[in-house]
Amino acid sequence: MTQCAVFASGGGSNFQALIDRQKAGDLHVEFAVLVTNNSSCKACDRARAHGIPVVHLPPSKFADERQYAAELMAVLDKYKVEIVALAGYMKMIPVSVVRKFHNRILNIHPGLLPAFGGKGMYGERVHQAVLDYGAKVTGVTVHFVDEEYDHGPIVLQETVIVEDGDDAHRLAERVLAKEHASYWRALEAVAQGRVRVDGRKVMGHV
Ligand code: GRF
């Protein structure tokens, strides 16, 4: 079974959706460890409730990025991690880790990249920006992580229609529901080796 680490900082509803799919037998990975920068986050409770080890690794604890990266690598080695799924993780992954795990770190973004992404674009800010722009369609992007924010090759995109009268909160709810329905499919496809990456293009059945 593919050993998967999840990185989360907050509520972890995407993490929960992945756990649920795994328990249902649809997603064939083992959640080896949850890495967090926030030891009191709800994602930690979710991990503990399912017997998944939690490692608290706030970057601020380390003198510099090199030391943080070394500790992170040690954790990933210890748990024999093959794939990482970021699920609402609010810290940057050190470049050395991104390189070592080239096309093996997934992230989910609550919008259709490359629109409404990049540094500072997270949570309701994304949905507010979509509404302010007057976009008619938004959605979910699952992508590999590279050295730039919200930039790596796209594994999956799903759309959500913007409705008249939507506010950021209402739109966020529908996008989040779509995230829960989608992320596991991208993770499963990558874990099962069903995708092939050629530059920016990810091919195969997701
Ligand atoms: C999600 O909207 C995800 O797209 C983004 O962070 C949010 C995390 O939500 N990367 P949750 O913690 O999974 O509920």
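Pro 114 sits in the loop between E5 and helix H5 (124-133); helices (H or I, at least four residues) and strands (E, at least two) are DSSP runs, numbered from the N terminus. The peptide bond joining Leu 113 to Pro 114 is cis, with omega at about 10°. Asn 103 isn't a glycine, yet its phi is positive, about 55°. For context, most residues other than glycine have a negative phi, and most peptide bonds are trans.

This is a predicted model, so local features need pLDDT of at least 70 and side-chain atom pairs count only at pLDDT 80 or more, while totals for chains, interfaces and linings use all residues. Residues are numbered from 1 along each chain as its sequence is written, and side-chain values use heavy atoms, with hydrogens and water left out.

## Around the ligand

The residues surrounding the ligand (a heavy atom within 4 Å) include Gly 11, Asn 14, His 109 and Glu 179. Helix H1 (13-23) and strand E5 (105-109) each supply at least two residues of that shell.

Now the polar contacts (pairs of N or O atoms within 3.5 Å). A polar side-chain atom of Ser 13 is 2.5 Å from a ligand oxygen atom, and a polar backbone atom of Gly 12 is 2.7 Å from an oxygen atom of the ligand. Taken alone the ligand exposes 370 Å², and the protein buries 78% of that (Shrake-Rupley method, 1.4 Å probe).

## Helix H6

H6 covers residues 168-191, and at 1.5 Å a residue its 24 residues should span 34 Å; the end C-alpha atoms are 33 Å apart, which agrees. That expected span is 1.5 Å times one less than the number of residues. After H6 comes Gly 193, with a positive phi near 70°.

How values were computed:
Polar contact = N/O pair within 3.5 Å; in protein donor to acceptor, adjacent residues only side chain to side chain.
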